[in-house]
Amino acid sequence: MASSLRRIVSSLLTGGVVVAGTGIGSTVYFWSQDPLASTGHSLESVSYQTLSNGIMKLLGSRARSRFEEACRNARQANEDFLLSVIKDHSVTAYGKEHNLG
């Protein structure tokens, strides 16, 4: 962490410009004359990446909440899932043949 911060400060002092930051403890994107720094980021690419990271974080937290709830009630979650599969397939030839509906 400290070496990253030193590198950013050094970059700013040698002509770099901070383009965007994604928050405390996150990656900071910057333009620099440092040959080791990424030259592939623009303000637009940083904006898209920041937006997509936020969307994935939101979707991931919702999926995790649903998963954790299903784990707390595993028996009911499995039963509900299997009954939904049987119901969905009750209209197929196999479902009609085996009276799944």
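In this predicted model, a polar atom of the Ser90 side chain sits 2.8 Å from the backbone oxygen of Lys87. Ser90 belongs to the loop between α3 and α4 (93-97). With a relative accessible area of 15%, Ser90 falls under the 20% limit and therefore counts as buried. Once neighbours within four places in sequence are set aside, the contacts of Ser90 are with Gly95, Lys96, Leu100 and Gly101. Burial of this kind applies to 11% of the 101 residues of the chain.

Turning to the overall layout, the chain holds four helices and two strands, arranged along the sequence as α-β-β-α-α-α. Of the contacts between residues at least 6 apart in sequence, 18% link residues at least 24 apart.

Together with Ile55, Met56 and Leu59, Leu51 makes up a nonpolar surface patch whose accessible area totals about 410 Å². Leu51 itself is classed as exposed because its relative accessibility, 52%, is over 50%.

Side chains of opposite charge can pair when their charged atoms come close. Two salt bridges are counted in the model. One joins Arg64 to Glu68, with an N to O distance of 2.8 Å; these two residues of helix α2 are four residues apart, about one turn of the helix. Arg64 is exposed, at 57% relative accessibility, whereas Glu68 is partly exposed, at 31%. The other salt bridge links Glu69 and Arg72, whose closest N and O atoms are 3.0 Å apart. Glu69 and Arg72 likewise lie in helix α2, here three residues apart, again about one turn. Relative accessibility is 38% for Glu69, which is partly exposed, and 58% for Arg72, which is exposed.

The chain has a mean pLDDT of 74, with 59% of residues at 70 or more. Helix α3 (residues 74-88) has the highest confidence, at a mean of 92, while strand β1 (residues 17-21) has the lowest, at 47. Over residues 15-22 pLDDT stays under 50, although the model shows 23 contacts beyond four places in sequence for this stretch. Where pLDDT is low, the predicted coordinates should not be read in detail.

Note on methods:
Residues numbered from 1 in each chain as written. Predicted model: local features only at pLDDT ≥ 70, side-chain atom pairs only at ≥ 80, totals over all residues. Heavy atoms only, no water. pLDDT = per-residue confidence, 0-100. Contact = heavy atoms within 4.5 Å. Patch = residues over 30% accessible without salt bridge, like charges linked within 9 Å, V, L, I, M, F, W, Y side chains within 5 Å. Areas by Shrake-Rupley, 256 points an atom, 1.4 Å probe, with all protein chains shown as cover. Salt bridge = Lys/Arg side-chain N within 4 Å of Asp/Glu carboxyl O. Buried < 20%, exposed > 50% of the residue type's maximum accessible area, 1.4 Å probe, protein only. Polar contact = N/O pair within 3.5 Å; in protein donor to acceptor, adjacent residues only side chain to side chain.
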